[in-house]
Amino acid sequence: MSARRRVAAAALAAAAAAVALGSFERVEVAGPSMLPTLAPGDRLLVRRHRLGARRPQPGALVVVRDPRAPQRRTVKRLVAVTEAGAVVLGDNPAASTDSRHWGPVPWSLVTGTVVYRYAPAERSGRLGTGEELKPSAASR
């Protein structure tokens, strides 16, 4: 087993333990709205938000409930914080339904922050809020 696969296996075990404790959840990316950052089939570890917890900062990848269909969850990038809520956009605007359609999302619909991609193994790694996650000018 390669070193990369061992790290991915250890991360998957840690993710399973975190999910079992209830402060994290697993999410699978289903569509192309976050390309090139996230691809369909990517599996993510998401830190759940608690009431009164510190809100994520612009640049973070967040899970939001679709304001039109709250049972549907989607991953988007937090681009601004307003009095009305979180402004979220997909990194692939041509394939994204986001705050350009809904307006700011109420904070009650922002359910978590993406912290780690655990699958596929060759793309696994920590996802933070740094420059590495901001979309390139070409993808806007």
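Modeller: Let us start with burial: a residue is buried under 20% relative accessible area, exposed over 50%, and partly exposed in between, using a 1.4 Å probe and protein chains only. Aspartate 66 has a relative accessible area of 3% and is therefore buried. The model is a predicted one, in which local features need pLDDT of at least 70, side-chain atom pairs count only at pLDDT 80 or more, and totals for chains, interfaces and linings use all residues. Residues are numbered from 1 along each chain as its sequence is written, and side-chain values use heavy atoms, with hydrogens and water left out.

Biologist: What is the average pLDDT of the protein chain?

Modeller: The term pLDDT denotes the predictor's confidence in each residue, from 0 to 100. The protein chain has an average of 85, and 78% of the residues score at least 70. Helices (H or I, at least four residues) and strands (E, at least two) are DSSP runs, numbered from the N terminus. Over residues 130-140 the pLDDT is below 50, and this stretch has 17 contacts in the model beyond near neighbours in sequence; a contact means heavy atoms within 4.5 Å.

Biologist: How many salt bridges does a search of the whole structure find?

Modeller: A salt bridge is a side-chain nitrogen of Lys or Arg within 4 Å of a carboxyl oxygen of Asp or Glu. The search of the whole structure finds eight. One of them joins arginine 117 to aspartate 42, at 2.9 Å from N to O. Arginine 117 belongs to strand β6 (residues 110-119) and aspartate 42 to the loop between β1 (24-28) and β2 (43-48), so the pair ties together parts that are 75 residues apart in sequence. Arginine 117 counts as buried at 9% relative accessibility, and aspartate 42 counts as buried at 2%. A network of salt bridges links Asp42, Arg117 and Arg123.

Biologist: Is arginine 68 buried or exposed?

Modeller: Arginine 68 counts as exposed, at 58% relative accessibility. Its salt-bridge partner is aspartate 66, with the closest N and O atoms 2.9 Å apart; aspartate 66 is buried.

Biologist: Which residue forms a salt bridge with arginine 77?

Modeller: The partner is aspartate 91, and the closest N and O atoms are 2.6 Å apart. Since arginine 77 lies in strand β4 (residues 69-82) and aspartate 91 in the loop between β5 (85-89) and α2 (99-102), the pair ties together parts that are 14 residues apart in sequence. Arginine 77 is buried, with a relative accessible area of 3%, and aspartate 91 is also buried, at 3% relative accessibility.

Biologist: What is the nearest side chain of opposite charge to lysine 76?

Modeller: In assigning charge, Lys and Arg count as positive and Asp and Glu as negative, while His and the chain ends are not counted. Lysine 76, found in strand β4, is buried yet has no salt bridge; aspartate 98, the nearest side chain of opposite charge, is 5.2 Å away.

Biologist: With which side chains does lysine 76 make polar contacts?

Modeller: A polar contact is a pair of N or O atoms within 3.5 Å; within protein, one must be able to donate a hydrogen and the other to accept it, and residues adjacent in sequence count only if both atoms are side-chain atoms. The side chain of lysine 76 makes such a contact with that of serine 33, at 3.0 Å, and another with that of serine 96, at 3.0 Å.
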